[in-house]
Amino acid sequence: MAKDHTTMKKTQTNPKVSLLRKQRAPLNTTTDLDAKAVRDVSGAMNAILADVFALHLKTKNFHWHMSGPHFRDYHLLLDEQAGQLFAMTDPIAERIRKIGGTTLRSIGHIARLQRIDDNDAEYVEPEDMLAELREDNRMLAARLREAHGVCDDRHDIATASLIEEWVDEAEQRTWFLFEASRRGDSTGH
Ligand SMILES: [Fe+2]
């Protein structure tokens, strides 16, 4: 008995050392992707996540401050689009965690990474709201395509597969915003 106890003691890890090791790498998720892949894909997707949060809030901002004769249509369209953007956020963040990266922690973190410009203007014309969101969604689709390239280079097919769906959604939002903001030019008036 005494012998077994001594042997066990020798093979046990020093709890202080083990705690230190945990503190250094407590959020490493097991993955077969290499460290470069984790770094590059996480970097690309965190920037996308910041853009999506920024565009979600901007779309809500315009939904809340919409005005004019098309109020109901535009107000509802933007709510639908804001919901679609918000639905992307959790899958993006969790995808980053699944491969062992860390993700956004605060509004301040979003502000540091976002490439979508905020619009804090007191009043924005309804047509200008639609045009601005159309351009933001077009840019988001382009950046998603760039991120897809990073995933391809690093063999992260699962993130690439999610991105393909999100590109389609961004293009649909762009299309709706484009059609909704046409000024009756096809009617001959
Ligand atoms: Fe609402």
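Student: How do α4 and α7 run relative to each other, roughly parallel or roughly antiparallel?
Tutor: This is a predicted model. In it, the axes of α4, residues 71-98, and α7, residues 157-180, cross at roughly 165°. Angles over 145 degrees count as roughly antiparallel, so α4 and α7 are roughly antiparallel to each other.

Student: Within what distance do the two axes come?
Tutor: The axes of α4 and α7 come within 11 Å.

Student: And is the crossing left-handed or right-handed?
Tutor: For α4 and α7, the crossing is left-handed.

Student: Which residues meet there?
Tutor: From α4, the residues include Asp73, Leu77, Met88 and Arg95. On the α7 side, Leu162, Trp166, Arg173 and Phe176 are among them. By class, the contact of α4 with α7 has eight nonpolar, three polar and four charged residues.

Student: How much of the chain is buried?
Tutor: Buried residues account for 28% of the 189 residues.

Student: What about contacts between residues at least 6 apart in sequence?
Tutor: Of those contacts, 81% join residues at least 24 apart.

Student: Where does pLDDT stay under 50?
Tutor: Over residues 1-11, and the model has zero contacts beyond four places in sequence for that stretch. Where pLDDT is low, the predicted coordinates should not be read in detail.

Student: What is the mean for the chain?
Tutor: The mean pLDDT is 89, with 85% of residues at 70 or more.

Notes
Residues numbered from 1 in each chain as written. Predicted model: local features only at pLDDT ≥ 70, side-chain atom pairs only at ≥ 80, totals over all residues. pLDDT = per-residue confidence, 0-100. Contact = placed C-beta atoms within 7 Å. Axes fitted to C-alpha atoms, helices over the stretch in contact; angles between N-to-C directions. Helix = DSSP H or I, 4+ residues; strand = E, 2+ residues; numbered from the N terminus. Parallel < 35°, antiparallel > 145°, perpendicular 65-115°, else oblique. Left-handed = near helix turned anticlockwise from the far one by under 90°. Nonpolar A, V, L, I, M, F, W, Y, C, P; charged D, E, K, R; others polar. Buried ≥ 20, exposed ≤ 12 C-beta atoms within 10 Å, placed from the backbone.
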